[in-house]
Amino acid sequence: MNRSDNKVHKIAVTALMAALCYVSFTYLKIPIPTFGGDYTALHIGNAFCVLAALLLGGWYGGLAGSLGMTIADILDPVYITSAPKTFILKLCIGLISGFIAHHIAHITESHDTKYVFRWTLIASIAGLGFNVIADPIVGYFYKNYVLGVQSDAAKIMATWAAGVTFINAVVGTVVVVAVYLAVRPVLKKAGLFEVISAG
(Lines give C-alpha, C1' and ligand atoms only; values in the text may rest on other atoms or scores of the structure.)
Protein backbone atom coordinates (compact mmCIF):
# COMPACT_ATOMS: atom_id res chain seq x y z
CA MET A 1 0.00 0.00 0.00
CA ASN A 2 1.60 3.31 -1.06
CA ARG A 3 1.53 6.45 1.07
CA SER A 4 -1.44 8.00 -0.71
CA ASP A 5 -3.51 4.81 -0.46
CA ASN A 6 -2.50 4.48 3.19
CA LYS A 7 -3.78 7.99 3.97
CA VAL A 8 -7.08 7.32 2.19
CA HIS A 9 -7.41 4.02 4.07
CA LYS A 10 -6.84 5.74 7.42
CA ILE A 11 -9.37 8.48 6.66
CA ALA A 12 -11.95 5.90 5.52
CA VAL A 13 -11.52 3.76 8.65
CA THR A 14 -11.62 6.86 10.86
CA ALA A 15 -14.90 7.86 9.23
CA LEU A 16 -16.25 4.33 9.72
CA MET A 17 -15.31 4.36 13.40
CA ALA A 18 -16.83 7.82 13.84
CA ALA A 19 -20.03 6.49 12.28
CA LEU A 20 -20.00 3.49 14.64
CA CYS A 21 -19.51 5.84 17.62
CA TYR A 22 -22.46 7.91 16.42
CA VAL A 23 -24.76 4.94 15.73
CA SER A 24 -23.96 3.13 18.97
CA PHE A 25 -24.66 6.25 21.04
CA THR A 26 -27.67 7.50 19.09
CA TYR A 27 -29.53 4.24 18.50
CA LEU A 28 -28.13 1.65 20.93
CA LYS A 29 -27.87 3.63 24.17
CA ILE A 30 -30.01 3.17 27.25
CA PRO A 31 -30.81 6.66 28.59
CA ILE A 32 -30.81 7.05 32.37
CA PRO A 33 -32.38 10.17 33.93
CA THR A 34 -30.46 11.87 36.73
CA PHE A 35 -31.51 14.31 39.44
CA GLY A 36 -31.99 17.82 38.12
CA GLY A 37 -33.52 16.72 34.82
CA ASP A 38 -30.25 15.72 33.16
CA TYR A 39 -29.46 12.37 31.50
CA THR A 40 -26.60 9.94 31.31
CA ALA A 41 -26.58 6.74 29.23
CA LEU A 42 -25.33 3.18 29.00
CA HIS A 43 -23.61 2.80 25.63
CA ILE A 44 -20.50 1.38 23.90
CA GLY A 45 -19.66 4.42 21.77
CA ASN A 46 -16.31 4.90 23.53
CA ALA A 47 -15.29 1.35 22.60
CA PHE A 48 -15.09 2.31 18.92
CA CYS A 49 -12.94 5.29 19.81
CA VAL A 50 -10.44 2.97 21.52
CA LEU A 51 -10.71 0.40 18.73
CA ALA A 52 -9.85 3.09 16.18
CA ALA A 53 -6.85 4.11 18.29
CA LEU A 54 -5.62 0.50 18.34
CA LEU A 55 -6.10 0.09 14.59
CA LEU A 56 -4.89 3.49 13.38
CA GLY A 57 -3.12 5.34 16.20
CA GLY A 58 -4.14 7.74 18.92
CA TRP A 59 -4.90 10.83 16.84
CA TYR A 60 -7.14 8.96 14.41
CA GLY A 61 -8.88 7.11 17.25
CA GLY A 62 -9.42 10.31 19.20
CA LEU A 63 -10.70 12.07 16.10
CA ALA A 64 -13.13 9.22 15.35
CA GLY A 65 -14.52 9.34 18.89
CA SER A 66 -14.64 13.13 19.00
CA LEU A 67 -16.43 13.51 15.69
CA GLY A 68 -18.86 10.61 16.10
CA MET A 69 -19.86 11.29 19.69
CA THR A 70 -19.93 15.09 19.35
CA ILE A 71 -22.20 14.92 16.31
CA ALA A 72 -24.44 12.53 18.27
CA ASP A 73 -24.61 15.07 21.10
CA ILE A 74 -25.30 18.00 18.77
CA LEU A 75 -28.18 16.19 17.08
CA ASP A 76 -29.82 15.17 20.38
CA PRO A 77 -31.58 17.97 22.32
CA VAL A 78 -30.92 16.14 25.60
CA TYR A 79 -27.14 16.05 25.14
CA ILE A 80 -26.45 19.10 22.95
CA THR A 81 -25.00 21.16 25.81
CA SER A 82 -22.45 18.40 26.49
CA ALA A 83 -20.95 18.51 22.98
CA PRO A 84 -17.80 20.60 23.79
CA LYS A 85 -16.98 18.41 26.79
CA THR A 86 -17.56 15.28 24.70
CA PHE A 87 -15.20 16.44 21.95
CA ILE A 88 -12.30 16.98 24.37
CA LEU A 89 -12.81 13.81 26.43
CA LYS A 90 -13.16 11.47 23.45
CA LEU A 91 -10.03 12.93 21.85
CA CYS A 92 -8.17 12.22 25.10
CA ILE A 93 -9.48 8.63 25.23
CA GLY A 94 -8.04 7.96 21.77
CA LEU A 95 -4.72 9.68 22.51
CA ILE A 96 -4.18 7.78 25.77
CA SER A 97 -5.13 4.38 24.33
CA GLY A 98 -3.05 4.96 21.21
CA PHE A 99 -0.01 6.17 23.16
CA ILE A 100 0.05 3.07 25.37
CA ALA A 101 -0.69 0.63 22.54
CA HIS A 102 1.77 2.03 20.01
CA HIS A 103 4.39 4.19 21.75
CA ILE A 104 4.87 1.99 24.81
CA ALA A 105 3.83 -1.51 23.72
CA HIS A 106 4.23 -1.34 19.90
CA ILE A 107 1.40 -3.87 19.53
CA THR A 108 1.36 -3.77 15.73
CA GLU A 109 4.97 -4.99 15.64
CA SER A 110 4.42 -8.03 17.88
CA HIS A 111 3.18 -11.42 16.73
CA ASP A 112 2.79 -12.84 20.24
CA THR A 113 -0.95 -13.22 20.89
CA LYS A 114 -0.58 -13.11 24.68
CA TYR A 115 1.50 -9.94 24.47
CA VAL A 116 -1.01 -8.27 22.14
CA PHE A 117 -3.91 -9.34 24.37
CA ARG A 118 -2.23 -8.00 27.50
CA TRP A 119 -1.36 -4.60 26.02
CA THR A 120 -4.67 -4.25 24.20
CA LEU A 121 -6.34 -4.79 27.56
CA ILE A 122 -4.02 -2.29 29.31
CA ALA A 123 -4.49 0.36 26.60
CA SER A 124 -8.27 -0.07 26.70
CA ILE A 125 -8.39 0.12 30.50
CA ALA A 126 -6.18 3.23 30.50
CA GLY A 127 -8.24 5.09 27.89
CA LEU A 128 -11.64 4.15 29.25
CA GLY A 129 -10.43 4.37 32.86
CA PHE A 130 -9.35 7.96 32.17
CA ASN A 131 -12.92 8.64 31.04
CA VAL A 132 -14.35 7.12 34.24
CA ILE A 133 -12.36 9.63 36.28
CA ALA A 134 -12.38 12.64 33.94
CA ASP A 135 -16.00 12.54 32.72
CA PRO A 136 -17.66 13.23 36.09
CA ILE A 137 -14.97 15.71 37.17
CA VAL A 138 -14.96 17.66 33.92
CA GLY A 139 -18.76 17.33 33.81
CA TYR A 140 -19.07 18.84 37.28
CA PHE A 141 -16.93 21.89 36.47
CA TYR A 142 -18.49 22.24 33.03
CA LYS A 143 -22.02 22.24 34.45
CA ASN A 144 -21.07 24.55 37.33
CA TYR A 145 -18.92 27.14 35.61
CA VAL A 146 -19.94 26.99 31.95
CA LEU A 147 -23.62 26.04 32.10
CA GLY A 148 -24.32 27.57 35.51
CA VAL A 149 -26.06 24.52 36.99
CA GLN A 150 -26.49 24.73 40.77
CA SER A 151 -23.66 23.17 42.75
CA ASP A 152 -25.62 20.46 44.61
CA ALA A 153 -27.38 19.26 41.46
CA ALA A 154 -24.08 19.18 39.57
CA LYS A 155 -22.49 17.08 42.34
CA ILE A 156 -25.33 14.55 42.28
CA MET A 157 -25.24 14.34 38.47
CA ALA A 158 -21.45 13.85 38.52
CA THR A 159 -21.71 11.02 41.07
CA TRP A 160 -24.50 9.30 39.14
CA ALA A 161 -22.63 9.72 35.85
CA ALA A 162 -19.47 8.20 37.36
CA GLY A 163 -21.26 4.92 38.11
CA VAL A 164 -22.74 4.68 34.63
CA THR A 165 -19.42 5.64 33.02
CA PHE A 166 -17.72 2.83 34.96
CA ILE A 167 -20.20 0.27 33.60
CA ASN A 168 -19.66 1.66 30.09
CA ALA A 169 -15.90 1.32 30.56
CA VAL A 170 -16.07 -2.31 31.69
CA VAL A 171 -18.37 -3.35 28.84
CA GLY A 172 -16.39 -1.22 26.36
CA THR A 173 -13.10 -2.84 27.38
CA VAL A 174 -14.51 -6.33 26.78
CA VAL A 175 -15.85 -5.25 23.37
CA VAL A 176 -12.58 -3.59 22.32
CA VAL A 177 -10.33 -6.50 23.26
CA ALA A 178 -12.63 -9.10 21.69
CA VAL A 179 -13.12 -7.18 18.44
CA TYR A 180 -9.48 -6.12 18.05
CA LEU A 181 -8.16 -9.65 18.55
CA ALA A 182 -10.79 -10.95 16.10
CA VAL A 183 -10.17 -8.42 13.31
CA ARG A 184 -6.36 -8.27 13.63
CA PRO A 185 -5.66 -11.59 11.82
CA VAL A 186 -8.37 -10.85 9.24
CA LEU A 187 -6.82 -7.47 8.40
CA LYS A 188 -3.36 -9.06 8.20
CA LYS A 189 -4.62 -11.71 5.80
CA ALA A 190 -6.29 -9.04 3.65
CA GLY A 191 -3.16 -6.88 3.61
CA LEU A 192 -4.97 -4.04 5.40
CA PHE A 193 -3.27 -4.25 8.78
CA GLU A 194 -1.68 -0.94 9.71
CA VAL A 195 1.74 -1.07 11.38
CA ILE A 196 1.88 2.03 13.55
CA SER A 197 5.25 3.72 13.86
CA ALA A 198 6.01 5.15 17.30
CA GLY A 199 8.41 7.67 15.83
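How many helices and strands does the secondary structure of the chain come to?

**View 1. The whole chain, element by element.** The tally is six helices and two strands, where helices (H or I, at least four residues) and strands (E, at least two) are DSSP runs numbered from the N terminus. Going along the sequence, you get the pattern α-β-β-α-α-α-α-α. Of the 199 residues in the chain, 48% are buried; buried means under 20% relative accessible area, exposed over 50%, and partly exposed in between (1.4 Å probe, protein chains only). This is a predicted model, so local features need pLDDT of at least 70 and side-chain atom pairs count only at pLDDT 80 or more, while totals for chains, interfaces and linings use all residues. Residues are numbered from 1 along each chain as its sequence is written, and side-chain values use heavy atoms, with hydrogens and water left out.

View 2. Side chains of opposite charge can pair when their charged atoms come close. A salt bridge here is a side-chain nitrogen of Lys or Arg within 4 Å of a carboxyl oxygen of Asp or Glu, and the count by this rule is three. One of them joins Lys10 and Glu194, at 3.8 Å from N to O. The partners come from distant parts of the chain: Lys10 sits in helix H1 (residues 3-27) and Glu194 in the segment after helix H6 (151-190), 184 residues apart. Lys10 and Glu194 are both buried.

**View 3. Asp76 and Lys29, loop to loop.** Another salt bridge has the side chains of Asp76 and Lys29 meeting at 3.4 Å, N to O. Asp76 is in the loop between H3 and H4, and Lys29 is in the loop between H1 and strand E1 (30-33), so this pair ties together parts that are 47 residues apart in sequence. As for burial, Asp76 and Lys29 are both buried.

View 4. Asp135 and Lys85 form a salt bridge whose closest N and O atoms are 3.0 Å apart. Asp135 belongs to helix H5 (residues 113-146) and Lys85 to helix H4, which puts the two 50 residues apart. Asp135 counts as buried because its relative accessibility is 12%, and Lys85 counts as buried at 12% too. What about the helices themselves? H4 and H5 pack at an angle of about 155 degrees, with axes 9 Å apart; axes are lines fitted to C-alpha atoms, for helices over the stretch in contact, and angles run from 0 to 180 degrees between N-to-C directions. H4 and H5 are therefore roughly antiparallel (under 35 degrees counts as roughly parallel, over 145 as roughly antiparallel, 65 to 115 as roughly perpendicular and the rest as oblique).

View 5. Leu63, Leu67, Ile71, Ile74, Leu75, Ile80, Phe87 and Ile88 make a nonpolar surface patch of about 700 Å². Patch residues have over 30% relative accessible area and no salt bridge, with like charges joined within 9 Å and nonpolar side chains (Val, Leu, Ile, Met, Phe, Trp, Tyr) within 5 Å. Helices H3 (58-74) and H4 (83-104) each supply at least two residues, and H3 gives the most, with four. Ile71 is one to look for in helix H3; Ile71 is partly exposed because its relative accessible area is 43%.

How values were computed. Areas by Shrake-Rupley, 256 points an atom, 1.4 Å probe, with all protein chains shown as cover.
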